[in-house]
Amino acid sequence: MALDRWIALILLGICIVYGYTAWFTMDAGLAPFMRRNPVWPSSFPKVLSVLGIAASFIILIGLEKGEEKIGEIDHRRLDDYFYGQALLLLALMVVYALCLRPVGFLISTAGFLIIGSLILGERKWHIMLPVAISATFAVWYLVQEVLSIYMRPLPTFITNLTGG
Amino acid sequence: MLEGILIGLQTALSLQNLLLVVGGCLIGTFIGMLPGLGPMSIIAIMIPIAVSMGDPSAALILLAGVYYGAIFGGSTSSILLNAPGVAGTVASSFDGYPMSQQGMAGKALTIAAIASFAGGTIGAILLMIFAPMLSSVALLFHSAEYFALMIVGLSAIAAFSGPGQVTKALLMTVLGLMMATVGEGALFNLPRFTMGIMDLQSGFGFITLAMAMFALPEAVFLVLKPKNLGDDGGEIKDLRISRAEARAIAPVIGRQSIQGFFIGVLPGAGATIASFLGYAVERNIAPKHEQAEFGKGSIKGLAAPETANNAACTGSFVPLLTLGIPGSGTTAILLGALIALNVTPGPRLMIDEPQIFWAVIMSMFIGNLVLLILNLPLIPYIAKLLAIPRNYLIPFILFFTLMGAYIGQNNATELLMLVGFGICGIALKFANYPLPPLLIGFILGGMMEDNFSRSMQLYGGMSFIWERPMTLGLLVLALVLVLLPILQSTRAHRNA
């Protein structure tokens with residue numbers, strides 16, 4: 001089965017779960033006075049679930065005909081691409097998300113930019129380090145000082161020590 | 001009117017106000033380029049500065065400059081990085097980004113600058129002429145018509161997604177609408193589909209989803225298929241538009257300035273609907289061989305949304321200035337600024353404080369002109385972003401993607417959601433599902449449900465569909481838009 005149909009199957013499952021929630025469970029806790037309204041919180045989701053199930057079903061059974069198009073990347077020839085680097089970068093993003101608060105903006109961002117470049121094959125440390133560090137400080141200054149959006153700059157224990 | 005124009009010019013052309021327009025445009029352009037900071041956030045940030053000036057005309061002139069600058073800045077990141085920071089510039093990335101990839105970043109930015117200038121200027125002329133009478137037309141649109149208008153917008157996007165792609169686009173739209181129902185809706189005040197997760201109470205963040213569906217998959221695809229972004233960049237500095245290209249986009253700019261303006265007048269419609277509808281209309285009326293170019297770097301596909309969103313921004317000032325009703329989030333913030341300055345917008349504004357009304361209109365002309373003069377020489381430098389080696393550029397794109405989501409919600413969980421949605425976006429892109437309809441569905445979902453629910457409540461059920469002729473007409477149009485291409489492609493496949 002083609003990848004787009006597998007995805008349609010997954011989306012069909014999501015639409016069924018969404019529809020089940022909308023049709024059978026969402027209104028259970030509805031206050032009696034709200035039940036007299038012509039529109040309930042579940043009204044719009046109910047319509048959407050029907051449309052979603054119908055559309056995924058049409059794709060699944062291939063009702064709409066058209067030429068088969070290969071996307072920008074041919075998923076059947078993944079070995080030709082640098083998927084290792086892509087996976088590592090995604091993992092790095094997760095690590096960054098988890099570290100941002102406890103480690104602080106400055107260290108985690110500089111680390112993210114340096115490790116990101118390293119993953120992609122950059123080895124010119126004399127360029128990489130100043131670029132990453134200066135960009136980190138510039139963005140922090142812009143966001144925190146100019147736009148007044150708070151970002152903890154350093155790890156919590158250092159901030160506590162300095163009384164910040 | 002002539003007297004008003006003269007009063008407006010006198011106010012807007014003072015040295016202080018000219019400097020405010022220039023400063024506002026520059027600040028707006030540069031901050032608007034950062035994904036996650038759209039016009040609404042920038043104006044909100046600038047309000048304390050504007051209010052502290054004490055002069056309502058000067059404050060509004062500054063804020064209008066910031067507004068236009070931010071819209072243009074948002075287009076820049078859409079075109080160069082495929083990272084639209086605001087909903088109104090999503091459609092600009094459909095053709096702007098492919099143009100950048102083909103080494104035509106300079107040309108794309110020039111077209112965006114000229115189209116924005118034309119859309120904003122023509123919009124300001126229309127505002128001057130039609131403001132008083134349009135305010136009463138806008139009031140004829142009720143929630144049922146808004147609901148139907150949004151259905152038409154969404155159907156048009158699905159319908160023009162290309163042969164064999166209509167159902168996929170429709171499914172993506174529905175998925176976007178479903179995602180918009182997650183969280184506590186304004187109308188019902190009840191948590192829906194949150195699965196007991198606190199972070200989902202306020203729903204998914206727009207920026208998170210936009211970054212996950214556009215910037216993140218794009219950056220990952222750049223990693224998968226290595227190619228230096230600057231490789232094709234021989235023409236980056238080439239800003240020139242040929243005579244044939246100018247002839248091709250001139251009618252698009254003319255049409256979309258008018259259409260965008262009138263859509264902008266409708267409260268709640270705004271730049272987003274205007275840009276998507278503008279794109280869809282131009283694609284639909286283009287000759288068949290040009291239709292295939294849309295989405296692959298068509299200059300018309302870029303000029304249409306760029307013109308329409310600027311014209312709509314101007315149009316959105318009509319209900320604000322003449323009725324005191326903000327038509328969009330941005331104009332709502334502007335209304336707040338006006339009230340803080342002891343100015344009450346409404347039908348009496350033109351009579352009681354004509355210098356404010358006309359100064360704002362005149363500053364729109366000046367702001368657009370300043371934006372064009374400032375940005376055209378800067379374009380080669382802005383476009384140089386693409387010449388940065390991928391080893392540096394890709395981590396930076398990923399970082400700004402993460403920052404956009406973080407700044408918007410100030411919540412680290414949002415970053416994990418971004419990566420999760422990004423992986424889904426990559427899978428959908430692999431399978432050739434169009435991603436823009438999902439985002440558009442998400443953006444319009446909340447407004448659409450509100451209007452649907454209000455209509456249901458007013459009419460006690462679905463009878464609003466057949467009791468309001470304009471609603472019925474719009475819904476029939478939406479149905480035709482979806483069914484026609486499906487039938488056409490099925491028939492073509494059968495004949496082949």
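Domain bounds, as used here, come from an automatic or database domain assignment. For chain A that assignment gives domain 1 (3-70) and domain 2 (81-162), and the centres of domain 1 of chain A and domain 2 of chain A, taken over C-alpha atoms, are separated by 40 Å. This is a predicted model, in which local features need pLDDT of at least 70 and side-chain atom pairs count only at pLDDT 80 or more, while totals for chains, interfaces and linings use all residues. Residues are numbered from 1 along each chain as its sequence is written, and chains are lettered from A and ligands numbered from 1 in the order in which they are written.

**The two chains**

Helices (H or I, at least four residues) and strands (E, at least two) are DSSP runs, numbered from the N terminus. A residue is buried if 20 or more other C-beta atoms lie within 10 Å of its own, exposed if 12 or fewer, and partly exposed in between, with C-beta atoms placed from the backbone. Two residues are in contact if their C-beta atoms, placed in that way from the backbone, lie within 7 Å.

The secondary structure of chain A comes to 7 helices and 0 strands, and along the sequence it reads α-α-α-α-α-α-α. Chain B, for its part, has 22 helices and 2 strands.

**Annotated spans and helix 3 of chain A**

In an unreviewed UniProt entry, the annotation "transmembrane region" covers residues 6-23, 44-61, 81-98, 103-121 and 127-143 of chain A; UniProt positions are given in the numbering used here, feature names are shortened, and annotations may be inferred rather than shown by experiment. Within the model, residues 44-61 of chain A are 100% helix and 0% strand, with end C-alpha atoms 26 Å apart, and residues 81-98 of chain A are 89% helix and 0% strand, with end C-alpha atoms 28 Å apart.

Helix 3 (residues 43-61) of chain A has 19 residues and reaches 28 Å from its first C-alpha to its last, close to the 27 Å expected at 1.5 Å a residue, where the expected span is 1.5 Å times one less than the number of residues. Its buried residues include A:Ser43, A:Pro45, A:Gly52 and A:Ile59. The buried residues of helix 3 of chain A pack against helix 1 (3-25) of chain A, and also against helix 8 (166-180) and helix 20 (436-459) of chain B. After helix 3 of chain A comes A:Gly62, with a positive phi near 70°.

**Where the chains meet**

The contact takes 55 residues from chain A and 57 residues from chain B. On the side of chain A that touches chain B, at least two residues each are supplied by helix 1, helix 3, helix 4 (83-103), helix 5 (105-119) and helix 6 (125-146) of chain A, and helix 4 of chain A gives the most, with 11 residues. The residues on that side of chain A divide into 34 nonpolar, 13 polar and 8 charged; here Ala, Val, Leu, Ile, Met, Phe, Trp, Tyr, Cys and Pro count as nonpolar, Asp, Glu, Lys and Arg as charged, and the others, Gly among them, as polar.

**The nonpolar core**

A nonpolar core is a set of buried Ala, Val, Leu, Ile, Met, Phe, Trp, Tyr and Cys residues joined through C-beta atoms within 7 Å. The largest such core has 196 residues, and those with the most contacts inside it are B:Leu63, B:Met211, B:Ile397, B:Leu402 and B:Leu418. Helix 4 (residues 56-81) of chain B gives the most to this core, with 16 residues. Because domain 1 (3-70) and domain 2 (81-162) of chain A both give residues to this core, it lies between them. Not counting residues up to four places away in sequence, B:Leu63 touches B:Gly24, B:Ile43, B:Met46, B:Ala50, B:Leu334 and B:Ala337.

**Individual sites in chain B**

B:Pro345 sits in the loop between helix 15 (329-340) and helix 16 (349-352) of chain B, and counts as buried because it has 25 C-beta neighbours inside 10 Å. B:Pro345 and B:Leu321 are 24 residues apart in sequence and 5.3 Å apart in space, C-alpha to C-alpha. B:Ser52, in helix 3 (residues 39-52) of chain B, is exposed, with 8 other C-beta atoms within 10 Å.
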